[in-house]
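Student: Please take a close look at the pockets of this model. I would like to know what lines them and which parts of the chain contribute.

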Amino acid sequence: MVLGIESSCDETGAGIVQDGRLLAHVVATSMDEHARFGGVVPEIAARAHLHSFNPVVREALDRAGLRIGQIDAVAVTTGPGLSGALQVGLAGAKSVAYAAGVPLYGVHHLAGHVAADTLEHGPLPEPCVVLIVSGGHTSLLLVRDLVREPILHLGDTLDDAAGECFDKVARILGLPYPGGPAIDRAARSGDPKAVAFPRPLTRPGDDPYAFSFSGLKTAAARWVERHVQRGEEVPVADGAAALQEAVADVLTRKALAACRAYDVKTLIVVGGVAANSRVRALAEKRCASAGIELRVPPMTLCTDNGAMIAAVGDLLVRAGAEPAPLDVSIDPSAPLEYASLNPLARPAARVA
């Protein structure tokens, strides 16, 4: 029985996994508290984690019908993420592990997103291509054994992540935060061909697996400005639909190219933007045409949650991995190299 704790941003999550089976999954979000600021405020997020940690863990145990003494291991996100938010989750996880007398495992947040798919579709095919798309990350990975082998980065975003682009353009269009769901809703009544937004890094000679969404965001801003300068009403639905189409096109085009280049038959799309309806639909269409299996977790496992961290912890335990040391700390900017992430606390700087 592995208890997973996630607190890297604005969701406090606890999940319980046993032998690849999800037994409980609880998330408390502070999103409403951040909405009036148009983005996540780190201090507010950290305080929300403090208030939510105990209730979320208790509810997860109750849903699974377990007592704390029946937990065999605790897994926790140790990076990347907001420093204060990660510290709250790690401190709470250490306390639970100590009270239960069980080992603690540090987990890379992005590896958690990859492992989330196993809770719905079973073990990951070896190898598989994984597209991680979220508010802070856009990466294309080649994954073999998630917890035993290094994770190969085929490409990453050079600037804004896909979800970050959605958030920023949503604000420009006058849509609420978070931008991803707002863009998705507005796009339903829009024409995706109404605006010829660019497809960044898709020309011959460009890096085939790298992403860049800053220019797309700027193009959307200039399009809105032109309407405002002419005194015209901004066709928000058309803008949202065209933006969404551009993002989905770039993401799926590059992911399918990676599958073909590495002769991989399974594409896994994970992260918060994997919940976007157009990204899912276009990925399904293109994978079907290419004869590639598409796996996408259910919506509740796409956004940040403790279940995905528990899934990695479960894999680490079954692989015989070493637990985290007692002085394990956080790494807010940790690169994704391995699923296990056990940074050590840095000694305090000496004052002369």
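**Pockets and their linings**

Tutor: In this predicted model, the largest share of the lining of the second largest pocket comes from helix 12, which gives 4 residues. Helix 12 spans 306–318, and helix 5 (118–121) likewise supplies at least two residues of that lining. In total, 18 residues line the second largest pocket, and those nearest its centre are Thr118, Pro123, Leu124, Leu315 and Arg318. Thr118 falls in the range of helix 5, while Leu315 and Arg318 fall in that of helix 12. By class, the lining of the second largest pocket holds 9 nonpolar, 3 polar and 6 charged residues. The space in this pocket comes to about 310 Å³.

The largest pocket has a volume of about 1,300 Å³. Its lining is made up of 48 residues, with Ser134, Gly135, Asp167, Tyr177 and Pro178 the closest to the centre. Several elements each supply at least two residues of this lining: strand 3 (21–29), helix 4 (109–116), helix 6 (162–172), helix 7 (179–187) and helix 11 (299–302). Helix 6 gives the most, with 7 residues. Asp167, one of the residues closest to the centre, lies within the range of helix 6.

Technical notes:
Residues numbered from 1 in each chain as written. Predicted model: local features only at pLDDT ≥ 70, side-chain atom pairs only at ≥ 80, totals over all residues. Heavy atoms only, no water. 1 Å grid on protein atoms, 1.4 Å probe; cavity = no way out; pocket = protein on both sides within 12 Å on 5 of 7 lines; lining within 4 Å. Points joined across faces, edges and corners; volume = space filled by probe spheres on them. Nonpolar A, V, L, I, M, F, W, Y, C, P; charged D, E, K, R; others polar.
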